[in-house]
Amino acid sequence: MNEWEKWPIKIIEQKDFPKQLKEIRLCPKKLFYRGEWDKNIFDKVVAIVGSRQITRYGKEIIEKIMPEIISRNTTVISGFMYGVDSQAHWECLKYGGKTVAVLGSGLNEFYPTENNKLYLNILETGGVVISEYEPNFKATVWSFPQRNRIVSGLSTVGVLIVEGGIKSGSLITAKLGLEQKKKILSVPGPINSKTSQGTNWLIKTGAAKMVTEPKDIFEDVISMPEQENLFKDYSNLNEVEKIMIDLLESEALTGDEICQITQKNITEISTTLSMMLMKDLVTETDGKFYIS
Amino acid sequence: MLNKVLSIANVGLKGIEIEVEVNIADKGFPGFGIVGLASKAVEEAKERVKTAIINSDINFPNAKITINLAPADLPKDGSCYDLPISVGILASMGELVLPKERSYFYGELSLDGSLRHTRGVFLLALLAKEEGIKKIYVPRMSANEASVIEGVEVYPVDNLKNLIKHLNGERKIEPLKTVNVQDIFDDINPDFDFSEILGQEQAKRALEIAAAGGHNVFMMGPPGSGKTMLSRAIPGILPNLSEKESLEVTKIFSITGNIPPGGSLIRQRPFRSPHHTTSQIGLIGGGSNPKPGEVSLAHRGVLFLDEFPEFGRNSLEALRQPLEDGFVSICRASGSVTFPAQFMLIAAANPCQCGYLGDPKKECSCSPWQILNYRKKLSGPIMDRIDLHLIVPAVDVNHLMIGKNEINNNEKSEVIRKRVVEARKIQSERFKSLNHIHSNSDMKNSHLKEFSNLTGKANLLLKQAVNKFNLSARVYFRLIKVARTIADLDKSMEIKENHIAEALQYRVKNDD
């Protein structure tokens, strides 16, 4: 038996729904939920959705925006799917925020099963897990897009799309959000990245507001971008390290690419990269090096 | 009349002397029978022997012929008893005089009376030397295998007629001259030269380190990034086998029939690349009469496993013993045998099932669950036993071709090979007092204390790395071994900080 099964399944009727949800088209009659239904957590809600295949870029974006969201006492709502959804839930819990998950299946038949721990964590921290389906309903191809209207419907601040391909479910959520007159927020990405094509398209068509800084989610004031590297101490670097920091500041590279650009010996590059890893100057993911 | 001829049977990699007793009885119903746990191949010798003798213009006796292969309780397999059986029959018929000194006869007969290439001649010569046998008679096509063993006269036999004349003193067969091991050279013909591979500097350097220290390598990269090409280029940077190693390898190749007709000692390091559908027995060795598998054929050489996660789970798990101990023990009802299996493992895999995870251009079509499952096969004990872990990134097609006016500055395999040979020399000097250790990767943890020779700074860096990357004890020791090899390539007695730092680039990369 899973531990989260200790929380009983309760039902909330349409009349008790938060205001923002009642207004949407095809509003469900009732919702099943586990956890404590605290009305206050639905006062200020941001929906975060995105690709099932999260890249390092997506992870970094979520890490970057989350403190701002939590410090503004905003609840994070998402779809409990792997990828961006799970990352958003987890990251929110990390900072002690409240998060709400809307399942595309019944409350006892959730998918993906790896998220067992997440389920429990959401409940333990005062969050709610919601579903419009009967507890033992198994997820189907249509149930995932269908629940998206609840994800966007519960949001008040807006629907933030972090990463998403051109044919992804995140675009369906964006479309539903537009129909529900919600603010759509989108994080741009490299134009040659598959997982950012959807988000870029939303910005291009004017459907979404571009988010380049955490503040953009809440405010419409345009300010100068923050200078990030001001606090990093690059004073004790040697020649090669300096070159590498310069290179990596513009984009993440593999050891081979650095070797090709600098025309230095691979032994020297490898050695320096290891030392920089140890000094926390860079980090490594899947063979690519990033400025930390 | 009864005659006894000596030959051998192979059990694992050991030869056992066999007495072939041949009796032609004057009385009794005419017939031809073989006893002494003969397999089908030996049983069929009857027809070959009979026809070969007749085709050598000798009348086959119309009498009761009984052959006994002693010791009678040891199973005998193979076609090598054709020659001793026919020699025994011919002696009983009075057609030839058996040599007075103990000699071995070994080889398969063709129906026309000539002798065919037979596997296992090298082992025959080894046993002959051990048992103090001076003369062996073997097929000419296989005789070169035996010619490197000193103190044994090897008579290359073309056909039965010649042998009869030789034994009767009518026309002598000249024994082969003993060949010095050092004089045998195998041409090295790798499929690719390292200079043909563009980019992939890190991978090339890693393979150089691997070749120098005999380390295992794991490569992960999308399809078309050059994993297979890199592996196929490895034989070109490996040093030749030493004399001792060469004898070990030849033994295995001889018993499995991998030495071509006319071939002699194997000097080139083996490179084996079994397909991923290879059965566990094919890979590890086995069978009711145990035979060496691919891991043993790759002994002292390279075992390249492409599409590593596609290999059966059992096969991969079975690799653990040879990877750790350098040999495989196979136990069957008929007994247990041990085959050496000290190889350099080169494993290659895609980042996920479809191959495009993390590829900037093509989208990966695997679900996270599939990726998890794929990676699961790669995790755990096997990966812990691999010293160098590499990510081979996709290469931009534009960089693949060298323009007409551009000069290829890449190092040739030959240049790399020289450095590898130098580093191996340092190692053989280091391990000369130890029996089974030839390279840094063979070192046991107890040897590390004696040979690692870390500087204070290197030690400090190592300790920091252990904490930062959460390295297991096994990975920690592997790291030192790799750093030892890097230091050897650098001709440094001590392992310095920069050697450790470079080794760290090739550590196991755990996903967070």
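Trainee: Two residues are in contact if their C-beta atoms, placed from the backbone, lie within 7 Å. With that in mind, how many residues does the contact take from chain A and from chain B?

Mentor: Bear in mind before anything else that this is a predicted model. In it, chain A brings 20 residues to the contact and chain B brings 22 residues.

Trainee: Which helices supply the side of chain A that touches chain B?

Mentor: Helix H9 (255-262) and helix H10 (266-278) of chain A each supply at least two residues of that side. H10(A) gives the most to it, with eight residues.

Trainee: And how do the residues on that side divide into nonpolar, polar and charged?

Mentor: On the side of chain A that touches chain B, seven residues are nonpolar, ten are polar and three are charged.

Trainee: Staying with chain A for a moment, what order do the strands of the open sheet have?

Mentor: Three strands of chain A form that open sheet, in the order E10-E12-E11, and their pairing is antiparallel. Strand E10 (253-254) and strand E11 (282-285) of chain A are the edge strands, each of which pairs on one side only. Two bridges join E10(A) to strand E12 (residues 288-291) of chain A, the two strands running antiparallel, and Leu253(A) stands opposite Phe289(A) in E12(A).

Trainee: Which helix packs on the sheet there?

Mentor: Helix H8 (residues 239-250) of chain A packs on the sheet and touches E10, E11 and E12 of chain A, with its direction making about 95° with that of E12(A).

Trainee: Let's switch to chain B. How many helices and strands are there, and what does its C-alpha trace span?

Mentor: Chain B has 20 helices and 18 strands, and its C-alpha trace spans about 85 × 55 × 50 Å along its principal axes. Of the 512 residues in chain B, 47% are buried. If you take the contacts in chain B with a separation of 6 or more, residues 24 or more positions apart account for 73% of them.

Trainee: Where does strand E17 of chain B sit, mostly covered or mostly open?

Mentor: Strand E17 (residues 344-349) of chain B is mostly covered, since six of its six residues are buried. Both of its faces are covered, with Met344(B), Ile346(B) and Ala348(B) buried on one side, and Leu345(B), Ala347(B) and Ala349(B) buried on the other.

Trainee: What joins strand E10 of chain B to E17(B), and what about strand E14?

Mentor: Strand E10 (residues 217-220) of chain B is joined to E17(B) by four bridges and runs parallel to it; within that pairing, the bridge partner of Met219(B) is Ala348(B). Strand E14 (residues 302-305) of chain B is likewise joined to E17(B) by four bridges, again running parallel, and here Leu303(B) has Leu345(B) as its bridge partner.

Trainee: What holds paired strands of a sheet to each other?

Mentor: Strands of a sheet pair through backbone hydrogen bonds, either parallel or antiparallel.

Trainee: I was also looking at Gly358(B). Where does it lie, and is it buried or exposed?

Mentor: Gly358(B) lies in the loop between E17 and helix H14 (368-378) of chain B. Gly358(B) counts as buried because 20 other C-beta atoms lie within 10 Å, and 20 or more is the cut-off for that class.

Trainee: Which residues is Gly358(B) in contact with, leaving aside neighbours within four places in sequence?

Mentor: With those neighbours left aside, Gly358(B) is in contact with Asp286(A) and Pro351(B). The C-alpha atoms of Gly358(B) and Pro222(B) are separated by 8.6 Å, although the two residues are 136 residues apart along the chain.

Trainee: On to helices, then. At what angle do H2(B) and H3(B) cross?

Mentor: The axes of helix H2 (residues 45-55) and helix H3 (residues 82-92) of chain B come within 10 Å and cross at roughly 55°. The two helices are therefore oblique to each other, and their crossing is right-handed.

Trainee: Which residues meet there?

Mentor: From H2(B), Ala45(B), Arg48(B), Val49(B), Ala52(B) and Ile53(B) meet Asp82(B), Ile85(B), Ser86(B) and Ile89(B) in H3(B). Six residues of this contact are nonpolar, one is polar and two are charged.

Trainee: How do H4(B) and H9(B) cross?

Mentor: The axes of helix H4 (residues 121-131) and helix H9 (residues 243-255) of chain B come within 7 Å and cross at roughly 125°, so H4(B) and H9(B) are oblique to each other. Val121(B), Phe122(B) and Leu123(B) of H4(B) make the contact with Thr250(B), Lys251(B), Ser254(B) and Ile255(B) of H9(B). By class, that contact has four nonpolar, two polar and one charged residues.

Notes:
Residues are numbered from 1 along each chain as its sequence is written. Chains are lettered from A and ligands numbered from 1 in the order in which they are written. This is a predicted model: local features need pLDDT of at least 70, side-chain atom pairs count only at pLDDT 80 or more; totals for chains, interfaces and linings use all residues. Axes are lines fitted to C-alpha atoms, for helices over the stretch in contact, and angles run from 0 to 180 degrees between N-to-C directions. Angles under 35 degrees count as roughly parallel, over 145 as roughly antiparallel, 65 to 115 as roughly perpendicular and the rest as oblique. A crossing is left-handed if the near helix is turned anticlockwise from the far one by less than a right angle, and right-handed if clockwise. Ala, Val, Leu, Ile, Met, Phe, Trp, Tyr, Cys and Pro count as nonpolar, Asp, Glu, Lys and Arg as charged, and the others, Gly among them, as polar. A residue is buried if 20 or more other C-beta atoms lie within 10 Å of its own, exposed if 12 or fewer, and partly exposed in between; C-beta atoms are placed from the backbone. Two strands pair if DSSP finds at least two bridges between them.
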